Amino acid sequence: MLNLKTAVITALLGATALTASPAFAKDLRIALQSDADVLDPDQSRTFVGRIVYASLCDKLVDITPDLEIIPQLATSWVTSDDGTSVTMQLREGVLFHDGTAFNAEAVAANIERSQTMDESRRKSELKSITSTEVTGEYEIKLNLAGPDATLLAQLADRAGMMVSPTAANAAGVDFGLNPVCSGAFSFTERVAQDKIVLTKFADYWNADEIHFDSVTFLPIPDTTVRLANLQSGDIDMLERLAATDLTQANGDDSIVVESAVSLGYQGITFNINNGEKGDNPWGNDKRLRQALSYAIDREALNQVVFEGAFAPGNQSFPSSSPWYNASLPLEGADVAKAKALLTEAGFADGIDLEVQVPNSTEPLAVMQVVQAMAAQAGINIQLTSKEFATLLADQSAGDFTASQIGWSGRVDPDGNNHSFMVEGGGLNDAKYSNPKMDELMNAARVAPTTAERKAFYDEAMVIMLDDLPRLFLYHVNWIWAYSDNMKGFTAYPDGMIRLEGVTWTE
Amino acid sequence: MLPFLFRRILIALPTIVLISIFVFALQKLLPGDPLLVLAGEERDPETLALLREKYRFNDPIWMQYFAWVGNALQGDLGVSLRTNQPVTELMGQKLPVTIQLAVMSMIFALVIGIPAGILSAVKKGTATDYIANLVALSGLSIPNFWLGIMLILLVSVKWQLLPASGYVPLSEDIWQSVRTMLMPSFVLGTALAATLMRHTRSSMLSVMNADYVRTARAKGLAERVVILKHALRNALTPIVTLTALLFGELVAGAVLTEQIFTIPGFGKLIVDAVFNRDYAVVQGVVLVTAAGFIVMNLFADMMYFVLNPRLREQ
Amino acid sequence: MTNTALASEPVLTAKTENRVWKKFRSHKSAMVGGVLVAFFILIAIAAPILPIPDPAATDWGAVRKAPSLAHWMGTDEIGRDVLSRMIWGAQASLLAGVVSVSIAIAIGVPLGLIAGFFGGWSDAVISRCTEALLAAPFLILAIALAAFLGPSLTNAMIAIGISATPIFIRLTRGEVINVKSEDYVDSARAIGLPTPRILSRYILPNVLPPILVQATLTIATAIIAEAALSFLGLGQQPPDPSWGSMLNTAKNFLNQAPWMALWPGISIFLVVLGFNLLGDGLRDALDPREH
């Protein structure tokens, strides 16, 4: 009798639960622009891979849409006064998908894996950590070589993703074939270039906030086709809607569009001193680079190519960023000034410039507009379109004069600048070298407060925009489109899709 | 026939070796450093050096080649540098998809192309002929991506009749599998139908005036019998050649259509592998498609004998 | 077999040439094809003197505008006049089509003749090489060539020509194998005609129809392939137009600016139609059996 009663109550409760939050089996289908690479946070390198991780792997810390660092697997942290250690309190009762318990030992194992595995791409991100100390079941101390203001931001991304030490030890380098993390969804199946299927993890610490039974990621490269799939109901959400498709998506009542300015930038990198090709007027005379910058009307560029949907920019951060140097605002084109600078540099009759471009529609359109703008100032641009691997190899080897290339952006300002600007930096393909710049970049890395760091970046930006090894053009807007059945989605500037609190009502 | 087959297979072996060398040489021929692509956006120099060592990119190319051949002989084609998946597993996933797409497209092409070609040859100079030619040539000139996107917008978005994209394995659900493949194979098929139609027409025209066809007619055989039995049989040589070649092209070259309908086939696999400089995958796929071409051409050569009795007598 | 029997069989001689031309001229659809092709060649040549805007001139106030009086074919993604780009693009596209097909024929037909006629080792070597070439994806060939030869339209045509060659080898070879067992070839051999003469007089005319058909069809493929190559850094570089690259760009704007795909699409269709009709005319005129 009692059993029957409970059964009835459970059934009733179940029914109310059904109406309150949609508990029916809903598979959320998300279209990605390309296929992810290996699904191992320590080895992976693609943007879409990170979108998958947002559902698959939890990190020590997360960010807010305003780029504040907030707790995720670490509930709180304290940096020592001298800045040489960080002590973290960890969330209790967290399980990895294989049932392994998450604790301080697991964190230590993860950091060791990121730092020592041959195939790890996270080494430079965690370079400042010299050792880890397990100071309690749920407390870990990270010892640093010196103060590192960028560390927490690194731990908010792949370097801070926790994988199951049991699974990682067993699978070694093949971990990515069957990843085991502690995120809201666990890995089920992957067919390359077809789909990645994740299933809700019942024991997730924050399971109440997850309202989908599974998520399927589908790589659909063609933008028009991605939108058509959303309209036909074959998918529920897509990332990176083309700016030129906005009008159409906005015109569809059953589609919601959301966007956020990205953390990265698009621009032109000049060869300042990389091999023989660096010894050319464009590499030797900053007045030429300044002339090109003055010749470009960035707002018009944004209007023409992206229907005004992106953010025109002149620095390595968008103007919406707290790190933007407001005393160097974005200005319109000044063709007279550009011509004056050319004359001053001894090229009154005009000058040629060869620019390599990645072979896809958007960069080609951007550079053709830039080409037309530059022509008005007497700069004659020749474009060479190359597939990306060739472009990258040529750029790295110094076989270029100028290269249209971008950066997907990092939460910490250091990620958008340091290795591009310092001598010997891994991304410094321009081979730009300026001792003052090195000094500022390194100082900003270790300065304890945000205000002090900002002062260094402000000063560096003045030099950067005068020397112009990188000429900034615009900042991409991440644009998501999804079915209006989906509620509670928040746009983040890192372009990720976080499913906590997102619901579905038919 | 059997000794012929045996000899052909024996001759095919050096081809495979030749292709394997060529494919391996690609590492040196193609610009771009695989590790620059693989090392990720950060391209940390230290990681780069470690990976280069790990994947043995520092070894002389011939050493890499022999290591690869040794493994390949044991059925191990290496792992994808991009996803760590074994190449054989990747191909195992994609081969059924590609074959299904190729077969379905070929059915469209043959069913449309050959009858249209015969009709247009028989009715040469009439309105039927002109219309058939116009339709065929538009099928050839309409870009696949245009037809594909238009079909998705019409059939999937507007009428909601067929799924816009994706792939369901035959083993999972035959009906759904055919439904998802219908539009892409139609798009591919129409383009090929044009080629087949034009060749059938030309070939039929050549044959219809030949002596044996005239003789057959003179014997008072029905026109249907003359056309289908005597003329068509002799007109088929170029069609057989083309079908074999086009089938091969379908396997590796349906990239754009695969991309638009998001079908995880060989074409997309190889293009992405080339762009990512994922050489293990490129090498594996090229080797398998090469074997496919050899088989298809062998098949075509055998068909010549079947179709032309006089060749058999020689 | 006697010489009278030979005479009634397909032979190309100087005397027949006049007849061929006559037949060709009276072929109505061939004349239509000729006019079409001539028209496009004419505008391609006349592009510099026609009263049209600069094909690279951008108008940022008129981005992706539908056809109007000011822009008869509308404007493209950065506000350039599509009509002007169509006319200038005709040059690159026609060249890409015709030259690469010529390269493929020049290499493919002789090799196919040799492989088919002599068989044995020459066939084995040529056929195996063809298979190897077929197995090498076009994309790889193109990227490698782009790196070695550098970006230019000529190099793009070479790349397309090489990749189109196998199909001509295989077609020729198949037809030769079929024809060489015909009675008239046997008798030509029997009376001791030298091989080159047998090849050019008895075999080649029979092989020509499928080659002609394939050539006229490959022109379409080549025009479209040029676009793929220009994207890989081989072929026409931006902002210079070609029909193929215009189509390629239009792909992203099928909804917002359908005219961007329409005009190059129609032009490619008309050119291909023109060449095919011409090819039909030639085929009929050359077919010795048709009276």
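How far apart are the end C-alpha atoms over residues 9–26 of chain B? Over this stretch the end C-alpha atoms are 26 Å apart, and the chain is 100% helix and 0% strand. Helices (H or I, at least four residues) and strands (E, at least two) are DSSP runs, numbered from the N terminus.

This is a predicted model, in which local features need pLDDT of at least 70, side-chain atom pairs count only at pLDDT 80 or more, and totals for chains, interfaces and linings use all residues. Residues are numbered from 1 along each chain as its sequence is written, while chains are lettered from A and ligands numbered from 1 in the order in which they are written.

An unreviewed UniProt entry lists several stretches of chain B as "transmembrane region", including residues 9–26 and 177–196. UniProt positions are given in the numbering used here, feature names are shortened, and annotations may be inferred rather than shown by experiment.

| Stretch of chain B | Helix | Strand | End C-alpha separation |
|---|---|---|---|
| Residues 9–26 | 100% helix | 0% strand | 26 Å |
| Residues 177–196 | 100% helix | 0% strand | 26 Å |

Between the chains, 37 residues of chain A are in contact (C-beta atoms, placed from the backbone, within 7 Å) with 43 residues of chain B. On the chain A side, α6 (223–232) and α13 (388–397) are the elements that give two or more residues.

Chain A itself is divided into domain 1 (27–33 + 183–261 + 478–504), domain 2 (60–165) and domain 3 (265–475), with bounds from an automatic or database domain assignment. The C-alpha centres of domain 1 and domain 3 of chain A lie 33 Å apart, and 5 residues of domain 1 are in contact with 9 residues of domain 3.

Terms used
Two residues are in contact if their C-beta atoms, placed from the backbone, lie within 7 Å.
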